[in-house]
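Try each task before reading its solution.

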Amino acid sequence: MNDRHEALGSKLDGDTWCDMRVPWSYDADPNDEVVSVRTCAGLYDVSALNIVRVTGPDALPVLNALVAIDVSTVAPGTARLGAEIDENGALVDDIMILCDGPEKYRVTHGSGATPERLKKLAEGKNVSVEWDRDTHVMSLQGPASLKTLNPHTPMALEELPFFNHAETTLFGKNVIIGRCGYSGERGYEVYASSADAGEIWDNILSHGKEYGVVPASWTSLDLIRVESTLLFFPFDMPEGDTTPWEVNMDWAVDLDKKADYIGKDSVLFLRGRERVKQAGIVCDHNDAVEPGTKIYKDGEEIGVVTSSSFSRYLMKSLAMVHLLPAYTGLGTRVTLGGEPGICTGTVVQTPFYDPLRLRVEE
């Protein structure tokens, strides 16, 4: 895919992610790409995601020991995000479990501890753990994603529920299409072989042009995920031992799970003992406030900015933050950066964009 990104103006330089160069920017303004995603659709190359195939008779118990969700509830054709934690109950990676069939799973994860932990858990078990170095992942996000893809696959995409996936073809190529994404919009992720990825990318852009589909950079993806208040490990877990409860990830821990998993006793003990809570602040500022900026109330340090952006789409300076629990009430006024500080701000409902998350279900 590198030649496609370079033709769009990416230097493929700067920080890598999961040891892969990514297109942080194109010649286009990333703010314009955000508008395209929100009103039409944008096509992202998220192939830097790590994909692991976990298969065999012991695949389920191995994965159940890895994450805090009950993997037996992940039916074939569905996926779930789960909390992956260490022995102390702290988050150690982004992870999604996809079930492709009995004893057949794919794991997608970020830049955390998953490889070492999976390898250790698989020792002596009847399970195959193979990192997939061939699959590319293209993510088409936005309201025009359905009408762009639907005419070119035999699959009835309009009937595919959120967080479901299936094998099919797209533009005549064998793929897996899943309904998910990282944008707060309706979207689809296309898993394709490296041999087919470039042609599929070109076809999506070509056939989507009439609907306003554009290639979109990782900078615009970061802007969009802050608008939608979507977490990014480890940047939104700056304490280093952040628990799921402190970032509102209660949905990623199954309290009734019977099977043991790494950190189970610790994470259940820490429920209700949150030191900080994830929240959102609209800043009275004409720029993004830097992550790491301290937050104060009446001279007392009460939190820190974890991620931020100036959203030209919403025309607001947005900050995802960790606050002491007593200061997370909506309407709480704070100062960012000390006294007199960089600016003031207000704790608001999140997500900043589409607070009820209705767009992903449209």
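**Exercise 1: a glutamate and its surroundings**

The side chains of glutamate 189 and tyrosine 191 are joined by a polar contact of 3.3 Å. Bear in mind that this is a predicted model.

Task: find out which side chain of opposite charge is nearest to glutamate 189, and how far away it is.

Solution. Start by locating the residue: glutamate 189 sits in strand E12, residues 187-193. Finally, list the surroundings: beyond its neighbours within four places in sequence, glutamate 189 is in contact with residues including Val137, Ser139, Ile176 and Cys180.

**Exercise 2: a strand with two partners**

Task: work out which strands pair with E14 (residues 277-283), and over how many bridges.

Solution. Take E17 (residues 316-323) to begin with: seven bridges join this strand to E14, and the two run antiparallel. Here glycine 280 has methionine 320 as its bridge partner. Then turn to E19 (residues 343-348), which pairs with E14 in the antiparallel sense over four bridges. Isoleucine 281 has valine 347 of E19 as its bridge partner.

**Exercise 3: an enclosed helix**

Task: explain why helix H3 (residues 59-66) is largely enclosed.

Solution. Count first: six of the eight residues of H3 are buried, so the rest of the structure largely encloses this helix. Then identify the packing partners of those buried residues, among them strand E2 (50-55) and helix H4 (114-122).

Note on methods
Residues numbered from 1 in each chain as written. Predicted model: local features only at pLDDT ≥ 70, side-chain atom pairs only at ≥ 80, totals over all residues. Heavy atoms only, no water. Pairing = 2+ DSSP bridges. Buried < 20%, exposed > 50% of the residue type's maximum accessible area, 1.4 Å probe, protein only. Lys, Arg positive; Asp, Glu negative; His and termini not counted. Salt bridge = Lys/Arg side-chain N within 4 Å of Asp/Glu carboxyl O. Polar contact = N/O pair within 3.5 Å; in protein donor to acceptor, adjacent residues only side chain to side chain. Contact = heavy atoms within 4.5 Å.
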